[in-house]
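Thanks for coming. Please have the viewer open.

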Amino acid sequence: MLPNLLNVLLEPLTTAESVPNQAFFDTSIFELLVASSSATEPFGQNGIDTLTNATGELTITAGVLDGMLTPAADESLPIAFDTPAALAAVGDWLADASGNVSLVDGIVNATLDTGDTLYEVTAFDLATFAANGLSFLVSEVDADFPIVDGTVLISEDTPWGMVEGAIAFGNGVLDLAVESPAGAFDLAVPFSPDAQFPFAVPTPFGTVDANVNFFTGNIEIPFLPGFDIEVPLNTLNGDLTLSDGDAALTFDTVLGSFTAAVALDELVSDAAVDFLTGVTLDAQLLAGQLDVLTTSGTEAIATSFDLIDLNNQAIELVEQLDGEFTLGAGILTGTASLGAEVIAIEQSVAGLTDLLELPLSQVFSSLPALL
């Protein structure tokens, strides 16, 4: 099952269209498990039905699950899972696995050799994929947002889940910090010189052609021939109206209130491409050691992770887990302790069914709140 699941996740990357697939995010966790292995469907549904009608006692001692379930009067089902041993197997897998990931000019190449199987991602255009993803998210939002000191404050429930954060566009830099159903985006990218949007300013003498210049971080309003009045974007307050990726920026300035039209989806998309094509990454996995080197301009950051040591720490943590549980009438009750912390648990099996049937978009939208 595991190789099938990895194939489902990895093989499409080599031919992926750089456009977010809404149908994928409408898929439930259960449907993805079935796609990875046809044996999952009867096992998953039968397993849930069994738990709903079963009674039994379960214990966790030093991370080892043990117990007996009674699905029916004349049946018994032993339950056993040694979590520390399973994690130890992961450590052995890490010791044998090797691979690398590189990001150059926005293109990802990767290999993972598990000893039995070689997985490869070849020339995946991450920059375009990310740009289209951000553009898609922006274009999905139809709402009004306040602008405070040149920063758009975002909090909106989209069909894909909550999008929350801030987009600052002063000082010639796009500073994006957004939590979305597709993940968290946090980057600061200088605007290119062509990030400019002309707009008309009405005056008693007719309209005047002005310019929102994100590259310089100013609104430029002609005053006299050869002389412009420059209003810094990071001093402005007002509103942003977003519809289908197009933004209407309304600014309140000492010169009056102005509205400019901006293709915000294109602006954010271009910034993502500039960022990812300006960053390089080289990661190597060998004998459980992950070495990562990232560069951006003249800056370079080298980081190392001992994954086997981290896995051993996880084993030590799990070995502190104890608990006693009772299953009956579709409800799992009991207590679990991790070290000195004791947690009371009361969870319905039906809740597990609901979770498995949730679309991925709803699961992702819930992650920020859970974390």
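**Loops, a sheet and a ring cluster**

Let me start with alanine 329, which sits in the loop between strand S22 (321-328) and strand S23 (331-338). Helices and strands here are DSSP runs, numbered from the N terminus: H or I with at least four residues for helices, E with at least two for strands. Before going on, the provenance: this is a predicted model, local features need pLDDT of at least 70, side-chain atom pairs count only at pLDDT 80 or more, and totals for chains, interfaces and linings use all residues. Residues are numbered from 1 along each chain as its sequence is written, and side-chain values use heavy atoms, with hydrogens and water left out.

Back to alanine 329. Its phi is positive, about 55°, although the residue is not a glycine. Alanine 329 is exposed, with a relative accessible area of 76%. On the terms: buried means under 20% relative accessible area, exposed over 50%, and partly exposed in between, with a 1.4 Å probe and protein chains only.

Aspartate 149 also has a positive phi, about 50°, and is not a glycine. It is found in the loop between strand S7 (143-148) and strand S8 (151-158). At a relative accessible area of 45%, aspartate 149 is partly exposed.

Now the sheet. What is the order of the six strands in the open sheet? It reads S6-S5-S4-S19-S20-S21, with antiparallel pairing; two strands pair if DSSP finds at least two bridges between them. Strand S6 (118-125) and strand S21 (299-306) are at the edges with a single partner strand each, so one side of each has no neighbour in the sheet. On average, neighbouring strands of this sheet are turned by 5° against each other, direction ignored. Axes are lines fitted to C-alpha atoms, for helices over the stretch in contact, and angles run from 0 to 180 degrees between N-to-C directions.

Asparagine 100 has glutamine 284 in S19 as its bridge partner, and leucine 103 stands opposite leucine 281 in S19.

Helix H6 (residues 126-139) touches S4, S5 (107-113) and S6, and its direction makes about 65° with that of S6. Helix H8 (residues 307-318) touches S19, S20 and S21, at about 50° to the direction of S21. Contact means heavy atoms within 4.5 Å.

S19 is also joined to S20 (residues 289-296), antiparallel, by eight bridges. In that pairing threonine 280 stands opposite threonine 295 in S20. The two strands form a hairpin with two residues between them, and alanine 287 in the turn has a positive phi of about 50°.

Last, the rings. How many aromatic pairs does a search of the whole structure find? Four. Rings of Phe, Tyr and Trp (its six-membered ring) pair if their centres lie within 6.5 Å; planes under 30 degrees apart count as stacked, over 60 as edge-to-face, the rest as tilted. Phenylalanine 191 and phenylalanine 214 have ring centres 5.1 Å apart and planes at 45°, so that pair is tilted. These two residues are 23 residues apart in the chain, and both are buried. Phenylalanine 197 and phenylalanine 214 make an edge-to-face pair, 5.9 Å centre to centre with 80° between the planes. Phenylalanine 197 lies in strand S12, 17 residues from phenylalanine 214, and is buried. Ring pairs link Phe169, Phe191, Phe197 and Phe214 into a cluster.
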